[in-house]
Amino acid sequence: MKIRFLCMVAAVALLGACQSADETVVSGTSASDNIVTKAPAPTSAKSVSIVAGSQADFVSNVGDRVFFEYDVFGLTPEAKEQLIKWVAFMQKYPRNNLTIEGHADERGTREYNLALGERRANSIQNFLVSHGIASSRLRVISYGKERPDVIGSNESSWARNRRGVGVIQ
Amino acid sequence: MKFIFFKNLCFVAISGMFVMPVYAQVQIDINKPNIHPMPIAITRFINTTNQGNQTCKNVPDVISADLERSGLFKPIDSKAFIQTIESLQNQPNFPDWKVINAQALVNGQISSTQDGQIRVEFNLWDVFAENQMLKQSYTTTTNGCRRIAHIIADAIYTRITGETGYFDTQIIYVSETGSQLKRIKRLALMDQDGENHNFLTQPQELVLTPRFSPTAREVTYLSFFRNNPQVYLLHLNSGRRELLGNFPGMTFAPRFSPDGNKMTMSLAKNGNTNIYEMDLKTRNITRLTDNKWINTGPSYAPDGKKIVFESDRSGSQQLYVMNIDGSEQTRISFGSGRYATPVWSPRGDLIAFTKHKDREFFIGVMRSDGSGERLLAKGYLVEGPSWAPNGRVLAFCRQTKSPSSQSKLFSVDLTGFNEKQIITPLDGSDPAWSPLIP
Amino acid sequence: MSGNYDYKLVSNNISDLRLGLLCSIVFHFTCLLIVVLGFPQLLVPLEISEPVIVEIAQLSEKSQQITSSEPKLPDSTVEPEQAPKPSEPVPTPKPSEPEQPIPVPTPKPSEPEQPIPVPTPKPPKLTPANGSDNLSKMINKLRDNTKSNTSKMENSGNLSEQASMSDKDFIAAQFRKCWSFDPGSKDINNLVVQIHVLLNKDGSVTHVDIVEDPRYHSDNFYRSATDSARRAVLTCSPINLPSGKYEALKDLILRFDPRDIVR
């Protein structure tokens, strides 16, 4: 039990590390619009103390997000590749449920972005279902442009904010 | 006919030969008027209350600020006044006011009533025509002074411009603070001039797009309460709130019908967003659009017979008008760019919208058939216009670029003049103007 | 189709010609008659064809009625029944009382305020707001602009005493300067108002009234447009008159048309 608790603490700490890494990128992009940001997925984090099947596991070993083109909700080949891994993860941990968040960048009106976020989350859901995940295990929610991942009014920030995020429940 | 012709001919001949020129009235056409705010003198009100000089002392200042903010009036500095306030009580000496070019004059009196209330009385004079345009009085308690001042400002505005006033109103909006990554958004309510500011919801609850009911006593909005984005109804008198409907997906973009008996909103489900109408008494739901696109932002015409909304069925966001039963969905926007968040003017003649074109956003208006587009404001991100109840002024939100991103409320006159920030304690977005407070 | 039309035109022309001939004969005959008999009886048609003057009297009478009845409009005096409470927007969850009535300052008429009539026939002596330098410049400019037009359009020997286009433009320019209009008015295309103005020799306004339109009493926008036009006239007094044109310009109908307001 104690060990498990420690694991969780470690996982949380790791998550925190990821987040602060993100924020560094943020300040980088804000300093100059031209800086190309690093790949957003937390890179090769050690899974030493991560609970298998947890959100932390999902984030660090699978990658919890896929990205979309501007004003598009269809999945890119990269996104599909990524979602195949989600399918595997969901199959590996059949007791997990998944909430799919849809997000949009700031360049759109509020209501439209809510609808667009729902479309994006729905695209992901459809993909997962078509690959055998029971729809009862999936839930979609759109945040529109309300919860960006990075701050910035430039292409790279927008690209990172147009995303679908999986949250293990 | 021939006879008349004959007579005219005779007259022409005769007058040409024998009669001196007759000077008839000369008609002269005068066009291209100026757009100058009207100079108006608003004097201190005589105070005869038994509660001291300070009672309702701010009334003329509030009136003055309201009128000036409209952009249609220019209050004159009281230092320029010649006639004393005391002698003005008897009768204005109009030449004194003409000299300082005051076209209108407001004076008044604050007195006590027998039952301990305060009576505020005012006169509005047309200085050059030398007549009284308005005389009204109101009674109130001490803390009603601001409201009385707004009501008086409305009366003056109406008498001079012909428009209904909009000063005795409130604005509900989303107050914003904290990091852009996890913005804290709360409903906040204030008087139209920023006074009497109050928060209505808790910081941990993400809320968006509040809209007033026609009585101004209910508000509908989108809340992410328990991570389930749904439309809620908030009763301002009781503070009670309720979830509207039991929809199988996210509901958003709510708006009341002009009679307050119905509500329209969007439901996003399975990647499609369609528009629904709910009868608030029976809670019956009618589906108004039915396709695989995004149909949202519905707003009723003031007669309640049509709804304007946005849809991307053509490939990009455009504005459409449909009958109240969903029939005859007709596209009205054909300019280049995307059109969103349409709002029908309470006056009925115009539709305000957000336009997105070439990496810029605009607030604009067009006639309800889509003609006569005019853009009133622009910026990196401006959106979400809301009409003042007289259909004359629009409130909207302006967000600046990151990293120093700020979100502030602004108002702009229908003519595109007089853009002004609406001061809020924190950042703000999604303003909604109340109807005149009943 | 067009052939028929042409034919009709031609036939009309023929009858016109005949009519002209007839008229010519009559005209000459009339002249003869006048020479022989003098013309007292023939003044009758002259009176008939001078309805303009009659109209003036009607107009001013009617519009004076308007102005004097104006302050009796329903919004003259109101007093709210209830004390309007301050807007109390804090919806702190109160124990839901049965519908607390919101403070309604329902205005009800109180002491009928004796309207101050609006007889404006005092000539308001005002210093003109515009520098006379500018004005004279403008006069010259306007004269120059319109000279050629006038000479083409009016060949009458009485040119100096009639109001020419340039005279009208000159007057219009002055009133325009004093006229401010709210460009956001609803239905701006339908707010043309007419003001009847009588001038003194020095160009001061001796009388101003509103050419009657029932909308003055029913349409707030129209009333406001009318008031703004009247204010323009009064604010502008006195105006500069082109020299020697007083007789021709003393009685004006000013038609204020806000449609092409500069936005």
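Student: How far apart are the centres of domain 1 and domain 2 of chain B, taken over C-alpha atoms, and what can you tell me about the parts around them?

Tutor: The centres of domain 1 of chain B and domain 2 of chain B, taken over C-alpha atoms, sit 34 Å apart; bear in mind that this is a predicted model. Going by the domain assignment, domain 1 of chain B covers 38-161, while domain 2 of chain B is made of two pieces, 170-249 and 302-433. Where they touch, domain 1 of chain B puts in five residues and domain 2 of chain B puts in six residues. On the domain 1 side, helix α2 (residues 59-69) of chain B gives the largest share, with three residues. Sort that side by class and you get one nonpolar, one polar and three charged residues.

Now for a sheet in chain B. Four strands line up as β15-β16-β17-β18 in an open sheet with antiparallel pairing. β15 and β18 (285-287) of chain B are the edge strands, each pairing on one side only. Ignoring direction, neighbouring strands in this sheet are turned against each other by 30° on average. Inside the sheet, β16(B) is joined to β17 (residues 272-279) of chain B by eight bridges. To pick out one pairing, B:Ala268 has B:Thr273 in β17(B) as its bridge partner.

This sheet is also where chain A comes in. Helix α4(A) lies across β15, β16 and β17 of chain B, and runs at about 160° to β15(B). Taking the two chains together, the contact uses 30 residues from chain B and 20 residues from chain A. Several strands of chain B each supply at least two residues to their side, among them β15 (250-256), β16 (262-269) and β19 (295-300). By class, the chain B side splits into 12 nonpolar, 14 polar and four charged residues.

Follow α4(A) back into its own chain and you meet another helix. α3 (residues 77-92) of chain A packs against α4 (residues 110-130) of chain A at an angle of about 55°, with the axes 10 Å apart. That angle is why α3(A) counts as oblique to α4(A). The crossing of α3(A) past α4(A) is right-handed. From α3(A), the residues involved are A:Lys80, A:Leu83, A:Trp86, A:Val87 and A:Met90, and they meet A:Ile124, A:Phe127 and A:Leu128 of α4(A). By class, this helix contact has seven nonpolar residues, no polar ones and one charged residue.

Methods: Residues numbered from 1 in each chain as written. Chains lettered and ligands numbered in written order. Predicted model: local features only at pLDDT ≥ 70, side-chain atom pairs only at ≥ 80, totals over all residues. Axes fitted to C-alpha atoms, helices over the stretch in contact; angles between N-to-C directions. Parallel < 35°, antiparallel > 145°, perpendicular 65-115°, else oblique. Left-handed = near helix turned anticlockwise from the far one by under 90°. Contact = placed C-beta atoms within 7 Å. Nonpolar A, V, L, I, M, F, W, Y, C, P; charged D, E, K, R; others polar. Domains from an automatic or database assignment. Pairing = 2+ DSSP bridges.
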